[in-house]
Amino acid sequence: MSLFKARDWWSTVLGEKEEFDQGCLCVADVDNSGSGQDKVIVGSYMGYLRIFNPHPVKHGDEVQPEDLLLEVQLREPILQVEVGKFVSGTEALHLAVLHSRKLCVYAVSGTLGNVEHGNQYQIKLMYEHNLQRTACNMTYGPFGGVKGRDLICIQSMDGMLMLFEQESYAFGRFLPGFLLPGPLTYSSRTDSFITVSSCQQVESYKYQVLAFATDADERQETEQQKLSSGKRLVVDWALNIGEQALDICVVSFNQGVSSVFVLGERNFFCLKDNGQIRFMKKLDYSPSCFIPYCSVQEGTVNTLIGNHSKMLNVYQDVTLKWATQLPHIPVSVKVANFQDLKGVIVTLSDDGHLQCSYLGTDPSLFQAPKVDSREINYEEMNAEMKELQKIIREATKTQDILPESEKQRDLTVTAEVSPVLDAESQAIDSEVKAEAVPSVTVKVTIQSRVTAQKPSLSVCVQAPLAVTCDQFIFNDLEPDSSETVVLSVFLKRNCSPSELDGNCMVLYNIPTELNPEGIPRVAQCNFSLPLRLICVPAQPSKTANHKLTIDTNKPPVTFLTIFPEFVDPSEVDQANALGFQFLTGSRTTLLASKTSQRYRIQSDQLEDLWLITKELKRRLEEHFNKKGCKDFACTFSGSIPLQEYFELIDRHFELRLNAEKFQELLSERAVQFRAIERRLLTRFKDKTPAPLQHLDT
């Protein structure tokens, strides 16, 4: 805890139950007043945009209404606000507002008011870009060395950098090896974009490399955004910092020298613009935000770092120079210049506490309250102690802290899976293209030894499996009573599940003397579904693209013993090979060696090997456990098919991209057909025959 608190120069609370984050705060002379006085721009996830012109207030006074220059609701969540030269033909500052699917650029202007009403401010939309991808954050600067204007780069949630040359869209490029978006900034000295990838690497990409990379299909670019990906980019330099980054910033306080500052989860890094480390500082707290703000000594940089302990620390390179206490946890911090007061610290919390403060020297000292001096009455203390011990004993009788054993549970839940499939399938709205989609009945029973209030049952299975009903609500259960429900499980989507397990969970309350409303309790159980629910017996296949060999330390077991439902009793002699035909259309074959202790699983699709392999291992373990064998083991000595696994992931994302392209094509065709329809209606409204060549089809 710091001895000193930040001196409150101006503060307010924004809205009710609004949320804010790192990019929601910006300070700049957004109305181009020319006075050099900054305004505070704040956007919220509720879509509110506010602009403040703070004035100093006395302690205890409220913020004056005229301090709020503008408040508008933009209907969409605001992810980030920035101020720059974003409009062509002028070097005036404009406000860029980033939404999840839209980028808007506004002009902020004020009109002199009459008498006491003050000035009136308004925003005017200069242009907007509708985004084809969900945005995460943005940065701006004179990309490519342009003079007198700023370009904007937006990073999408799926790793695409979308660049805008003010009113027009320039191009988009995908970052290589992308998984999750990280902080993004621009270095004007090296003309590079710098980010921190999910591989915990600081990576730099030259703007020229981005600009000269052509689309993979080399189609002609238009001003409309394209969804096609660019060629794989080459990183200019990369540095592994070993942790995720909260924020990144490029500053240049000395002529010709710039530094890259990275705030990690536990460390603070300063890099040269070529990726070499200048210094790093290990932090003994959890940081929340930072900003390098000035250089007061040649070769050093001062930085403000906020943390989750409501502290704001001032560093000169790695040396802690000052620490001050804030009334809230800051998620964003800026340094602004207001009425003859430069270097005001502006902080914003995630729940909307906005404060302008400066570093003061009034100590915040804790003074212990005076203790009433009175004589100790030992008889009263003994009586109070006995009463407290009695209350503790009663509480421990009715409320258990440690979990109870299974036999002592107040309420138990069991699930019984039918050994056979339903005679009449209960599958509802299944997307599986098989001729018949089977279902299996699960009987869930709840038994209560005591009074159970507000019991509710939830049944969960892993997608693509589904249940006919997954939520049940019951009346209060009396002691020694039970409830039973019946439901069916089936394959809903046209793909195979990764497991055949399910879970039943009961939430209920147990009333006590001290808590008549009841103490929340949970009871749950697991159940396993039959393999026949998702596949049927089929002829084994002799060839396959993917094969997996499992070694065991015990003699092979006949498939009639461990897979009786898939073996025809009339073909027991040929039962060393089994075929599994999945409802989704693929087929997997299981082979048992006659001379060794090996089993082979093979299929044309890599993803189909897992479920049969898992089921084989489980059934073998159950078989040998029943025989009292405890040293049974399965091993795999082959090479892990990582290449095939990665190709499978690539195909998944290619399918998703193709679906997006198809959706874009449908949208374009719909627009064209609506235009043709309007022309036809206009032509035939006048009852004049229209030659086909006159219709722009």
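Tutor: In this predicted model, a residue is called buried when its relative accessible area is under 20%, exposed when the value is over 50%, and partly exposed in between.

Student: What makes D429 exposed or buried, given its relative accessibility?

Tutor: D429 has 62% relative accessibility, and since exposed means over 50%, D429 counts as exposed. D429 also has a positive phi, near 50 degrees, in a residue other than glycine, and D429 is found in the loop between β29 and β30.

Student: How do you know that the side chains of D410 and R449 meet in a salt bridge?

Tutor: The N to O distance between D410 and R449 is 3.2 Å, and a salt bridge asks for a side-chain nitrogen of Lys or Arg within 4 Å of a carboxyl oxygen of Asp or Glu, so the pair of D410 and R449 qualifies. This pair links distant parts of the chain, 39 residues apart, with D410 in the loop between α2 (378–398) and β29 (411–417) and R449 in the loop between β30 (439–448) and β31 (453–461).

Student: What makes the contact of R521 with D410 a salt bridge?

Tutor: The side chains of R521 and D410 meet at 3.4 Å, N to O, and because the cut-off is within 4 Å, this contact is a salt bridge. R521 in strand β36 (residues 519–528) and D410 in the loop between α2 and β29 are 111 residues apart, and the pair links distant parts of the chain.

Student: How many salt bridges does the structure hold, and which residues are linked in a network of them?

Tutor: There are 19 salt bridges in the structure, and a network of salt bridges links E565, E615, R618, R619 and E622. K39 and D31 also form a salt bridge, with their closest N and O atoms 3.1 Å apart, and both K39 and D31 are buried.

Student: How many aromatic pairs does the structure hold, and what makes the pair of F164 and Y169 edge-to-face?

Tutor: The structure holds 21 aromatic pairs. F164 and Y169 have 65 degrees between their planes and 5.3 Å from centre to centre, and because centres must lie within 6.5 Å and planes over 60 degrees apart count as edge-to-face, the pair of F164 and Y169 is edge-to-face. Both F164 and Y169 are buried.

Student: Why is the pair of F171 and Y207 called tilted?

Tutor: The ring centres of F171 and Y207 are 6.3 Å apart and their planes stand at 40 degrees, so the pair is tilted, because the stacked class needs an angle under 30 degrees and the edge-to-face class an angle over 60. The pair ties together parts that are 36 residues apart in sequence, since F171 lies in strand β13 (residues 168–174) and Y207 in helix α1 (residues 207–212). F171 is buried with a relative accessible area of 8%, and Y207 counts as buried at 8% relative accessibility. F171 and Y207 are among the members of one aromatic cluster, which also includes F143, Y186 and F193.

Student: What makes D21 partly exposed, and where is the place of D21?

Tutor: D21 stands at 34% relative accessibility and therefore counts as partly exposed. The place of D21 is in the loop between β1 (4–13) and β2 (25–28), and D21 gathers with E19, D350 and D351 in a patch of negative charge on the surface.

Methods. Residues numbered from 1 in each chain as written. Predicted model: local features only at pLDDT ≥ 70, side-chain atom pairs only at ≥ 80, totals over all residues. Heavy atoms only, no water. Buried < 20%, exposed > 50% of the residue type's maximum accessible area, 1.4 Å probe, protein only. Helix = DSSP H or I, 4+ residues; strand = E, 2+ residues; numbered from the N terminus. Patch = residues over 30% accessible without salt bridge, like charges linked within 9 Å, V, L, I, M, F, W, Y side chains within 5 Å. Areas by Shrake-Rupley, 256 points an atom, 1.4 Å probe, with all protein chains shown as cover. Lys, Arg positive; Asp, Glu negative; His and termini not counted. Charge placed at Lys NZ, Arg CZ, Asp CG, Glu CD. Phe/Tyr/Trp six-rings, centres within 6.5 Å; stacked < 30°, edge-to-face > 60°.
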